[in-house]
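The following note sets out numbered points on the structure shown below. Please read each point with the model at hand.

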There are 2 protein chains.
Amino acid sequence: MAGTGATTARTTVSGVAGPRVGLVIGVDIGGTNLRVAIAERSGTIAGRVSLELGDVREPASMIKLIRRCVDQIVQEHSLDAKTLCAIAVGVPGITDAARGVVIATSYLMGWIDVDLRNLLEDEFGIPAAVENDVNLAAVGEHHAGAAQGVSDFVFVAIGTGIGAGIVLNGQVHHGFNWTAGEVGYLLLPGLKEQPAERGKPGALEEIAGGEGIRTQWLSGCDLDQAPGSATADAAQITATRIMDRALAGEALAQDVLHRAARMLGYAIYNISLILDPPLFLLGGTVGLHPAILAATRAVLAERGARLMPRVIPSALGADAQLVGAIFRAIETADRHSPLAS
Amino acid sequence: MAGTGATTARTTVSGVAGPRVGLVIGVDIGGTNLRVAIAERSGTIAGRVSLELGDVREPASMIKLIRRCVDQIVQEHSLDAKTLCAIAVGVPGITDAARGVVIATSYLMGWIDVDLRNLLEDEFGIPAAVENDVNLAAVGEHHAGAAQGVSDFVFVAIGTGIGAGIVLNGQVHHGFNWTAGEVGYLLLPGLKEQPAERGKPGALEEIAGGEGIRTQWLSGCDLDQAPGSATADAAQITATRIMDRALAGEALAQDVLHRAARMLGYAIYNISLILDPPLFLLGGTVGLHPAILAATRAVLAERGARLMPRVIPSALGADAQLVGAIFRAIETADRHSPLAS
């Protein structure tokens, strides 16, 4: 299944330019895809690859796959591998960015206390940084997306699950246990109050996350009444398609959408009460859908102008994490001397 | 009704000592009381006064009352008024600390866009600072209370209403509209979802604030069945007395307490999910009651060890705001040259 999506265009992701030489590696490990890019220290992407992870889950196999992608980009774009000077990797889980350790990922990946930075530095022989993927998406938007010049904002990523990257005074706010932004577990009116089991989705995710949207739609959809092929189609449906159906007027999809948007609006309202940031960005495959943006804004507008944060879509879309990884790699390179080569 | 509670003891509120000379004024404007202290630039309190506000509400009258308290302290403690070099005032409302403007207070006081800093500087002829009272309580605990040496924490004040002072990286987090920490309006399971009217208590305050606790207890209490004097006693009851009754085993008081503690626990849980601070302090007359501390901790413990913040009482109690005002006044003095005198 693994196929490359390498681009040959040299895309500038930032206006940052400096005298420093060398290349950096940015990596985004997603739930289903791996994205790898090599960029100049100015932020200009020299080449990139993305592929489906398939059943690759083990840290050691993941490192090998990243190595393979890096080699492929170097070769395709005739880059000088000796000038690679830092790597940064985004991971879908709780990550100690200071030690470079992945504390825990969801049950899908099952990592516990994986010293990913060490593994990366052993493999590549260059300084490495490891960070939560949603935090990196916020870094990407801050440097080269919809939050440029904004020192305080919250990036809410709604994909399979829901998480937030919180930037305060221009820096990612990590929290004491590296769990700041775990908003998928927020307690909100109408949501169940029982604590979620370890590694299982939170109550907000069950209503407004991609998997939760699918589950609600499927449970409201009478599959037994549909002809065989329609049943198979329905079982394959994505949250994005369900929101398309809501826009097209399907009542069930609209119900599911409005329930999701109400809870998402309440989550944003609660975050506003606590932090009062000037800006929220919605990202992730679900968060980028125009239907959820409009419905969430409507829920916030109902609550009046007293506290009405600006809510706009991510500018970098599916690339936010990868772009953030590139900028984190550049910062990492800047903190170390260039490699002697 | 106004009586002084001046103390003659010179209390050290901090180990901070410096070569700087001069005195500062700290003021806490509460809903019912005004507290004023004069302190040395080391933080040592030289004298203090507290009195009931009665029907004083107008900014100009408030300034006159503060002036009267300052004069009284100066006289009682034979201080040199010419060495007063800064004043800081805590206000129960949304406050633009950069401009020194009180944007809004509750309907009880009714201030809108009051340029309190200017009024203070005109009256006293020294640099003035104005800040939200709960934020100042957090500053007090940070310098001289239960959060010394802790750079990230949340002070939750539960008095008549509920508010939070959020300290991140050692600094008060104010938010874009100066409304960070307005947690009395949080949306939580079991609370009503309708937006509160402007200036009216939030849904969390209706359940866990002092006035809300009183209202719930009174509505559950069949006053018509009580003899005349008992009815009068009941109508005068405070939230603190209701929690005493809960500890003594009264079923109605226990119901009210547990409902309040559940919502307070949920609020703290939500703040933890978003910010993940290592420490919460409970303050305010209700928050300082041991019954609510124990019951709130029990609600958090139910949710498991995954996210179990430390929750402890304020160390400075009713003085937290005043001590915070003193330290803010010291900072203000440090930013200006000492007065020529």
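How much area do chain B and chain A bury between them, and what share of it lies on carbon and sulfur atoms?

1. The interface. Chain B and chain A bury about 3400 Å² between them, and 59% of it is on carbon and sulfur atoms. Buried area here is the accessible area (1.4 Å probe) that two parts lose on being put together, summed over both. In terms of contact (heavy atoms within 4.5 Å), 39 residues of chain B meet 39 residues of chain A.

2. Basis of the values. This is a predicted model, in which local features need pLDDT of at least 70 and side-chain atom pairs count only at pLDDT 80 or more, while totals for chains, interfaces and linings use all residues. Residues are numbered from 1 along each chain as its sequence is written, chains are lettered from A and ligands numbered from 1 in the order in which they are written, and side-chain values use heavy atoms, with hydrogens and water left out.

3. Polar links across the interface. Between chain B and chain A, 22 residue pairs are in polar contact, both residues being at pLDDT 80 or more. A polar contact is a pair of N or O atoms within 3.5 Å; within protein, one must be able to donate a hydrogen and the other to accept it, and residues adjacent in sequence count only if both atoms are side-chain atoms. On the side of chain B that touches chain A, the elements giving two or more residues are strand S10 (162-168) and helix H8 (251-275) of chain B. H8(B) gives the most, with eight residues. Helices (H or I, at least four residues) and strands (E, at least two) are DSSP runs, numbered from the N terminus. The count of salt bridges between the two chains is zero, a salt bridge being a side-chain nitrogen of Lys or Arg within 4 Å of a carboxyl oxygen of Asp or Glu.

4. The five-stranded sheet of chain B. Its strands form an open sheet in the order S3-S2-S1-S4-S8, with mixed pairing; two strands pair if DSSP finds at least two bridges between them. Strands S3 (45-52) and S8 (128-132) of chain B stand at the edges with a single partner strand each, so one side of each has no neighbour in the sheet. Strands S1 (residues 23-29) and S4 (residues 84-91) of chain B pair in the parallel sense over six bridges, and Val24(B) stands opposite Ala86(B) in S4(B).

5. Helices on that sheet. Helix H2 (residues 116-124) of chain B lies across S1, S4 and S8 of chain B, at about 145° to S8(B). Helix H3 (residues 133-144) of chain B also lies across S1, S4 and S8 of chain B, at about 100° to S8(B). Axes are lines fitted to C-alpha atoms, for helices over the stretch in contact, and angles run from 0 to 180 degrees between N-to-C directions.

6. Chain A. Which residues of strand S9 (residues 128-132) of chain A are buried? Five of the five are, so S9(A) is largely enclosed by the rest of the structure; buried means under 20% relative accessible area, exposed over 50%, and partly exposed in between (1.4 Å probe, protein chains only). Strand S5 (residues 84-91) of chain A runs parallel to S9(A) and is joined to S9(A) by five bridges.

7. His289(A). This residue is found in the loop between helix H9 (284-287) and helix H10 (290-302) of chain A. His289(A) counts as buried, at 5% relative accessibility. A polar contact of 2.7 Å joins the side chains of His289(A) and Asp244(A).
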